[in-house]
Structure formats: structure tokens, C-alpha cells
Amino acid sequence: MGHDAPGALGGRTWPSAGRPVLLVPVGSIEQHGPHLPLDTDTAIAVAVAHDLAGRMREDGGDAVVTPPIAIGASGEHQSFPGTLSIGSEALSAVLLELCRSATQWLDRIVFVNGHGGNVEALSAAVPRARSEARDAAWVPCAPVGEVPAGDAHAGFVETAIMLHLDPRRVRVDRIEPGATAPLAELMPAMRAGGVAAVSPNGILGDPTGATAEAGERLFSGMCERAWALVREGRVGSGGRLVAVAAG
């Protein structure tokens, strides 16, 4: 979605900026198997952020979406061509400075995170911003329901969602299974050698059964969960929005 998409901050002028909730998609440029684009995490985060902005406006509020922070912490994928990573320390600094800048003219900033590797940076930057009395939080793009065991990266969930969001960008002729063992079982080898140490094609899961219909259900559930957290959640550990009843 471009600067002129409904709810995009870039389409406003400074007199019309207002004091909206600022939604910042945070993604990655990293390998997603031989069949998904490098910006899969970013594309999903952007789509969820725009869905949230639309819901907020329908609810009588105001919200805008910034251009995404498209390069995150993706060191575990660095063995694969196309991957770009700035690491957790640099990303954390960017997120904190963005909070400081934005809260000069608005009240609330929410990061919409599409990549698990960014959690360390978010969990450092957002609490720091909150310690400075800035209303900052983050929410994950977390799937709801029908998530197969061992599906952690470029597998069924992400493939189905991308088939729903932008099927032209999915190389369906290159879809194939990856490593399907539970993530906990793969983690020791991944910590030592990255994703390539456990999956030569970069996939953690099996995307072969993914469909656009399943992607629509998964994306809808993802957006509903994010909306519930942004609307009613509280800020939990690491600055992440959690359900009010959660510990």
C-alpha cells in the first residue's frame, strides 16, 4: 500500500496530521523459502496495520500507518542470498528514536511486528520509551487456529496468507516441504548455524497444502486478535500488548 492508501501517514500534510494513533509496521527482508518474496513479513505487517487503522477509524478514532521499518534483525537467515539484517541493537535504537520523535506531536504509537527476530529489539526499545513517559506498545502478527505443528517460517501459515493477500507474488511452482520437526528440537542447531543448518531450502514447516481460502481465515483471525489487543489489551512484559486477563 502506498502513501495515498487510506490511513497512510505519508498522504497527509502537516496541518492535517492531527493526533492519531500511529501504527508502525515492522518486518524484515529475509529468505522465505524458494516460493515466497523476501518481504513477506513486511507485507503481512503492513496489511495488518492498515486493517487496524481502518477498524480504529470505524470505531470513531483516528489512526495512521507509517511506511514500514522493512529491514529488521534477521541474522538467523543470513546464509541465504537476499537477506538483509541490521541486528537487534541497531533496530532497537531506531525504534526508540522513532518513539521519541512521534510522541512530540501525538499521544500513542503501536508497532505492528511481523517478524519474530525483531522481538528482542522491541522488548528493549518499547519499555525504554515507556520509562520516558511515552505511550508506546507493540503487537505481534500472530496466527489464530489451524497452525500445523512445526510451522515456523515460510510454511503453511505464511504461504496461505500471502496467497490471500497477493497470490501473484507466490511462486506456487516452487512450493515444497522444509524441515517439519518441532522448533524446540531444531533450535540448538539453529542457534549454532542459523536456519540453513536445519533446512537447506529455508522453510520450517510444510507449505504444500496452503490455500488462499485458508489464508483468508488466518489473516482475519490475526487481525481480530491484533484489534482486540490494541483496543482492550494492557501493556505486558517487554512492552507487548496482552489480553487484560493474561499474566
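This is a predicted model: local features need pLDDT of at least 70, side-chain atom pairs count only at pLDDT 80 or more; totals for chains, interfaces and linings use all residues.
Where is the place of Ala245?

View 1. Ala245 sits in the segment after strand S6 (241–242). Its relative accessibility is 81%, so Ala245 counts as exposed. Gly233 lies 12 residues away along the chain from Ala245. The C-alpha atoms of these two residues are 8.8 Å apart.

**View 2. Helix H2 and its buried face.** H2 spans residues 87–102, 16 residues in total. From first C-alpha to last, H2 reaches 23 Å, close to the expected 22 Å. Its buried residues are Ser88, Leu91, Ser92, Leu95, Leu96, Cys99 and Ala102. Seen down the axis of H2, these buried residues fall within an arc of 135 degrees, so they line one face of the helix.

**View 3. The open sheet.** Four strands form an open sheet in the order S2-S1-S3-S4, with parallel pairing. Strand S2 (63–65) and S4 stand at the edges. Each edge strand has a single partner, so one side of each is left without a neighbour in the sheet. On average, neighbouring strands are turned by 25 degrees against each other, direction ignored. S1 and S3 pair in the parallel sense over six bridges. Within this view, Leu22 has Ile109 in S3 as its bridge partner. H3 packs on the sheet and touches S3 and S4. The direction of H3 makes about 160 degrees with that of S4.

**View 4. The largest nonpolar core.** This core has 38 residues. Those with the most contacts inside it are Leu23, Val48, Leu52, Val112 and Val139. At least two core residues come from each of S1, helix H1 (40–58), S2, S3, S4, helix H4 (156–165) and helix H6 (212–232). H6 gives the largest share, nine residues. Which residues does Val48 contact, leaving aside its neighbours within four places in sequence? They are Val112, Cys141, Phe219, Met222, Cys223 and Ala226.

View 5. In soluble globular proteins, nonpolar side chains tend to be buried together.

Conventions:
Residues are numbered from 1 along each chain as its sequence is written. Side-chain values use heavy atoms; hydrogens and water are left out. The expected span of a helix is 1.5 Å times one less than its number of residues. Buried means under 20% relative accessible area, exposed over 50%, partly exposed in between (1.4 Å probe, protein chains only). The arc is that of the directions from the helix axis to the C-beta atoms. Two strands pair if DSSP finds at least two bridges between them. Axes are lines fitted to C-alpha atoms, for helices over the stretch in contact, and angles run from 0 to 180 degrees between N-to-C directions. Contact means heavy atoms within 4.5 Å. A nonpolar core is a set of buried Ala, Val, Leu, Ile, Met, Phe, Trp, Tyr and Cys residues joined through side-chain atoms within 4.5 Å.
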